Amino acid sequence: MKTEIQKEIERLDHAGKGLLQSLVLSDELTVPGEHRKIKLLGAPGEGKGTLAKNVTPILRFGVMEGSGLIRRHLGSLPADQRREVEAALSGNGKSTLAPDDVVLGFFDKEYGLIQAELRGDGAKIKGHLYDGLPRNGYQAQQLLKRGLKFDAVAHLQSDPYTPLIRQKQRAVEDLLETGKHRPDALKAENRLMEYENNLPGLLGVLPNMTDRFFVLLTDDAPLVTAYNFFVKASPQGDGLKPKHVESVSDQLRDIDKKRDDLSIKNLMENSPHYHGVVKSQIEEFQSQIRTIEAQRQQYFVEACRASHH
């Protein structure tokens with residue numbers, strides 16, 4: 001039986017996503033056209049996966065994601081190569097990323113089927129968001145040779161501290177849900193470094209794959225980021241009055257905050273793992289989050305001061 005907290009979380013979920021969908025399907029915002037391919041570019045922890053989860057049901061899009069490809073096809077690799085990929089993904093290899101040619105091979109297995117599905121009458125999927133694929137210049141060059149181009153590239157950006165906070169928040173949620181943390185949550189700094197090293201080469205090729213870039217400033221509230229995505233992606237979005245956008249963002253932000261607070265409370269009250277070593281680990285992560293949040297606040301104060309000079 002669901003608790004009152006769980007029922008309230010569901011109600012907030014329904015209210016937030018319902019509001020977002022009603023706005024996107026209204027006359028003010030038009031969903032981007034069918035059979036589109038939009039690349040999400042951004043550092044680990046910027047919220048690409050959460051954004052995809054919030055916008056794809058409205059767009060009727062699928063998600064083409066590197067880690068998803070690996071999960072679906074890892075079993076098809078020879079044993080030695082599979083162990084190498086598993087070591088990378090667990091954080092025990094030389095890199096936290098799977099080899100490029102392995103990812104490209106998995107892409108080839110799915111791309112033809114996807115194109116056929118998009119061309120079919122009554123297709124359920126109307127396009128795709130590309131999350132983390134391509135991740136570097138080499139992958140981009142190889143996909144360009146295969147004829148892949150994007151209708152748009154959305155570059156998710158935030159302050160330097162928010163991605164680290166999100167990674168550690170994920171670790172807290174994992175510990176409460178399973179008693180274990182994902183290795184990538186603990187290796188956020190390494191993943192950020194690999195992203196930054198790969199970014200120049202990727203940006204050197206992407207202009208050949210699309211005619212449209214737009215920057216999407218991510219928000220602490222995922223529903224607000226989703227709404228901003230539609231504002232940016234829609235031709236009508238640029239004409240929206242800032243006051244209207246701000247009003248909608250405030251509504252969505254309020255829903256997101258209430259939901260997140262209740263979710264953590266619900267996990268803590270119902271988790272069988274919230275004791276002993278796990279509790280100590282959670283408290284350590286929460287302490288780290290508070291420290292980084294203080295650094296982020298100081299960053300905003302200094303940025304505000306600089307803008308007035």
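This is a predicted model: local features need pLDDT of at least 70, side-chain atom pairs count only at pLDDT 80 or more; totals for chains, interfaces and linings use all residues.
Contact here means that heavy atoms lie within 4.5 Å.

## The chain as a whole

The secondary structure of the chain comes to 12 helices and 5 strands. Of its 309 residues, 44% are buried. The accessible surface is about 16,500 Å², and carbon and sulfur atoms account for 51% of that area. Among the contacts with a separation of 6 or more, 79% are between residues 24 or more positions apart.

The mean pLDDT of the chain is 83, and 84% of the residues score at least 70. Among the elements of the chain, helix H6 has the highest mean pLDDT, 96, while helix H8 (residues 183-186) has the lowest, 50.

## The sheet

The 5 strands form an open sheet in the order S2-S3-S1-S4-S5, with parallel pairing. Strand S2 (62-65) and strand S5 (213-217) are the edge strands, each pairing on one side only. On average, neighbouring strands of this sheet are turned by 25° against each other, direction ignored.

| Strand pair | Sense | Bridges |
|---|---|---|
| S1 (36-41) and S3 (127-131) | parallel | 5 bridges |
| S1 and S4 | parallel | 4 bridges |
| S4 and S5 | parallel | 5 bridges |

Single residues show how these pairings are made. Isoleucine 38 stands opposite leucine 129 in S3. Leucine 41 has histidine 155 in S4 as its bridge partner, and histidine 155 in turn has valine 215 in S5 as a bridge partner. Leucine 156 is partnered with leucine 216 in S5.

Helix H2 (residues 48-59) lies across S1, S2, S3, strand S4 (152-157) and S5, and runs at about 165° to S3. Helix H10 (residues 222-233) packs on the sheet and touches S1, S3, S4 and S5, with its direction at about 155° to that of S5.

Strand S4 is largely enclosed by the rest of the structure, because 5 of its 6 residues are buried. Alanine 154 is located in this strand. Is alanine 154 buried or exposed? Its relative accessibility is 0%, and buried means under 20%, so alanine 154 counts as buried. Leaving aside neighbours within four places in sequence, alanine 154 is in contact with Lys39, Leu40, Leu41, Phe214 and Phe229. The C-alpha atoms of alanine 154 and lysine 232 are separated by 8.7 Å, although these residues are 78 residues apart along the chain.

In a regular strand the side chains alternate between the two faces of the sheet.

## Nonpolar cores

The largest nonpolar core has 42 residues, and those touching the most other members are Phe107, Tyr130, Leu133, Leu148 and Met209. Helix H3 (66-73), helix H5 (100-119), H6, helix H7 (162-178), helix H9 (188-205) and helix H12 (276-307) each supply at least two residues of this core. Which helix gives the largest share of this core? H5 does, with 7 residues.

Methionine 209 also has a list of contacts of its own. Leaving aside its neighbours within four places in sequence, methionine 209 is in contact with Ala140, Leu143, Leu144, Leu148, Lys149 and Phe150. A second, separate core has 33 residues, including Ile5, Leu223, Phe229 and Leu262.

## Two backbone details

Most residues other than glycine have a negative phi, and most peptide bonds are trans.

Proline 134 is in the loop between S3 and helix H6 (137-145).

Arginine 60 lies in the loop between H2 and S2. Its relative accessible area is 42%, so arginine 60 is partly exposed, as this value lies between the 20% and 50% limits.

Note on methods. Residues are numbered from 1 along each chain as its sequence is written. Side-chain values use heavy atoms; hydrogens and water are left out. Two strands pair if DSSP finds at least two bridges between them. Axes are lines fitted to C-alpha atoms, for helices over the stretch in contact, and angles run from 0 to 180 degrees between N-to-C directions. Buried means under 20% relative accessible area, exposed over 50%, partly exposed in between (1.4 Å probe, protein chains only). A nonpolar core is a set of buried Ala, Val, Leu, Ile, Met, Phe, Trp, Tyr and Cys residues joined through side-chain atoms within 4.5 Å. pLDDT is the predictor's confidence in each residue, from 0 to 100. Accessible areas come from the Shrake-Rupley method with a 1.4 Å probe; for residues, only the protein chains shown count as cover.
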